[in-house]
Amino acid sequence: KAYALTVDALLQKQDHVAAIGLIMQWLSQVDQTGLESGPYSIHSVLLQWMRQLTANIKSGSGNGQSIRKMFDYLEANAADYWSVPHFDSVLPVPEKAIEDPFDMDPAEPDEEDELFGAAYEDVTFRDSADDGVQGEMMDSGYSPNNSEIESINRLLEPRLKFLNTLSQLWQLSAAYFAETELSLVTHPEAETEFDTETRESIEGWIQHTENLQQELVVLLNSIWSYQLPKPSGDHDSNIEYDLQLQTKFYLMHAIIITTVNCRSARLMLLATLPESEAEKELSENERLLVPVYRGVLTRDIELVRKEFPAFLSNIAETPLLYTPIDQGGRPNTVLKVRSLQMILRFLLTQLPGLGLLRETWQLLKTAYRMERSARPEGIAVSEFDRLFRTALKSSLVAIIASSRDWESEQLDDEKL
């Protein structure tokens with residue numbers, strides 16, 4: 001709380017240098033302080049810092065250099081939080097595998113020990129407090145916090161939250177660098193923020209997002225393959241098993257969300273690079289998508305219109321429904337569909353603002369057909385209602401914003 005309140009006060013005074021320095025001190029001592037406590041967290045202050053810095057879209061402001069330094073400081077101070085943990089490293093260590101440092105080899109008894117030990121031969125100890133309950137007090141009910149899967153969740157959840165925040169920071173920085181390049185059109189005399197060092201940094205971030213995605217998929221499959229202890233059949237055992245199963249599903253959903261956000265960050269970072277430089281980083285599935293992202297970020301309407309039909313036809317046959325994991329769905333299938341839904345939401349949000357209402361309608365219509373053409377057996381999750389609301393809201397906002405520039409005699413207030 002003390003760190004969060006102090007950083008917030010510094011950000012209110014626009015002192016970004018002192019604020020990021022204090023954030024990094026907080027991050028370097030995270031083992032003692034923790035990442036969050038109630039409404040106070042390092043995630044919120046990091047995003048607040050980045051939003052303030054990226055709000056000033058002006059080439060030559062030096063904010064690009066500050067953003068690069070911030071990510072360098074993050075990597076240096078985040079330690080294990082910068083990467084995805086291996087599943088074996090978060091498994092609780094069995095008690096028998098823990099060596100007691102105070103456990104010494106028994107020495108041979110001396111003559112005095114043998115003398116007094118003889119007095120207690122054939123004497124049986126009877127514990128008057130032996131009531132069948134281990135510990136000083138009886139504990140009623142089952143505590144899920146002591147289960148193995150709950151221990152795994154406690155170790156993984158903070159690191160997944162940090163990687164989520166890291167992905168959002170990358171997305172904000174990608175949008176900022178794209179905007180600064182656009183501002184050069186109106187201010188050609190300004191210095192570009194997109195210099196050689198910036199490109200090298202972005203290429204490093206892109207590589208790290210790819211590594212994170214691969215490691216997160218491995219972790220997801222490891223959690224999926226993890227077998228919970230089978231219940232014995234009584235009431236308490238069944239409740240215990242259900243609680244552990246819900247924790248397992250929750251953890252898998254958290255990994256999927258983190259992976260989707262990393263993929264979104266990678267696509268936006270790739271779109272900021274020139275086409276010739278980004279080409280070597282693209283996978284086969286990204287070759288049709290990244291040009292559309294680049295057109296959106298750089299507001300190149302002609303580029304979007306040129307690349308959009310190929311992208312639309314490529315996804316038309318892809319399933320857009322999935323069976324939930326708790327209903328027997330496969331985690332990799334859920335990850336693939338949710339990644340595609342993320343892409344659709346991004347485009348439905350951005351296309352209307354570029355005046356591409358027809359393309360927005362075509363994308364929404366394609367999503368409707370994708371859901372109807374390939375439906376999995378059993379319960380299926382649909383997000384078309386969310387996609388529809390996103391497209392409708394973005395279109396209305398774009399139309400209302402553009403109405404200020406309409407020229408028509410019927411809308412001329414002076415003639416009414």
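Author: The model is predicted, with local features needing pLDDT of at least 70 and side-chain atom pairs counting only at pLDDT 80 or more, while totals for chains, interfaces and linings use all residues. Residues are numbered from 1 along each chain as its sequence is written, and side-chain values use heavy atoms, with hydrogens and water left out.

Reader: What makes up the secondary structure of the protein chain?

Author: The protein chain has 16 helices and two strands. Helices (H or I, at least four residues) and strands (E, at least two) are DSSP runs, numbered from the N terminus.

Reader: Why is serine 167 called buried?

Author: Buried means under 20% relative accessible area, exposed over 50%, and partly exposed in between (1.4 Å probe, protein chains only). Serine 167 has a relative accessible area of 0%, so serine 167 is buried. Serine 167 lies in helix 8 (residues 148-186). Beyond its neighbours within four places in sequence, serine 167 is in contact (heavy atoms within 4.5 Å) with Asn261, Cys262 and Ala265. Over the 416 residues of the protein chain, 41% count as buried.

Reader: Why are tyrosine 3 and tryptophan 26 called stacked?

Author: Rings of Phe, Tyr and Trp (its six-membered ring) pair if their centres lie within 6.5 Å; planes under 30 degrees apart count as stacked, over 60 as edge-to-face and the rest as tilted. By this rule there are eleven aromatic pairs. For tyrosine 3 and tryptophan 26 the centres are 5.5 Å apart and the planes stand at 10°, so this pair is stacked. The pair links distant parts of the chain, with tyrosine 3 in helix 1 (residues 2-12) and tryptophan 26 in helix 2 (residues 16-28), 23 residues apart. Tyrosine 3 is buried at 18% relative accessible area, and tryptophan 26 is buried at 4%.

Reader: What makes the pair of tyrosine 368 and phenylalanine 384 edge-to-face?

Author: Their ring centres are 5.4 Å apart and their planes stand at 65°, so the pair is edge-to-face. Tyrosine 368 is in helix 15 (residues 357-373) and phenylalanine 384 in helix 16, so the pair ties together parts 16 residues apart in sequence. Tyrosine 368 counts as partly exposed because its relative accessibility is 39%, whereas phenylalanine 384, at 17%, is buried.

Reader: How do you know that glutamate 36 forms a salt bridge with lysine 161?

Author: A salt bridge is a side-chain nitrogen of Lys or Arg within 4 Å of a carboxyl oxygen of Asp or Glu. The closest N and O atoms of glutamate 36 and lysine 161 are 2.7 Å apart, and the two form a salt bridge. Glutamate 36 lies in strand 1 (residues 36-37) and lysine 161 in helix 8, so the pair ties together parts that are 125 residues apart in sequence. Glutamate 36 is partly exposed at 37% relative accessibility, and lysine 161 is partly exposed at 30%. The whole structure holds twelve salt bridges.

Reader: What makes arginine 386 and glutamate 383 a salt bridge, and is each buried or partly exposed?

Author: Their closest N and O atoms are 3.8 Å apart, and they form a salt bridge. Arginine 386 counts as partly exposed because its relative accessibility is 41%; glutamate 383, at 11%, counts as buried.
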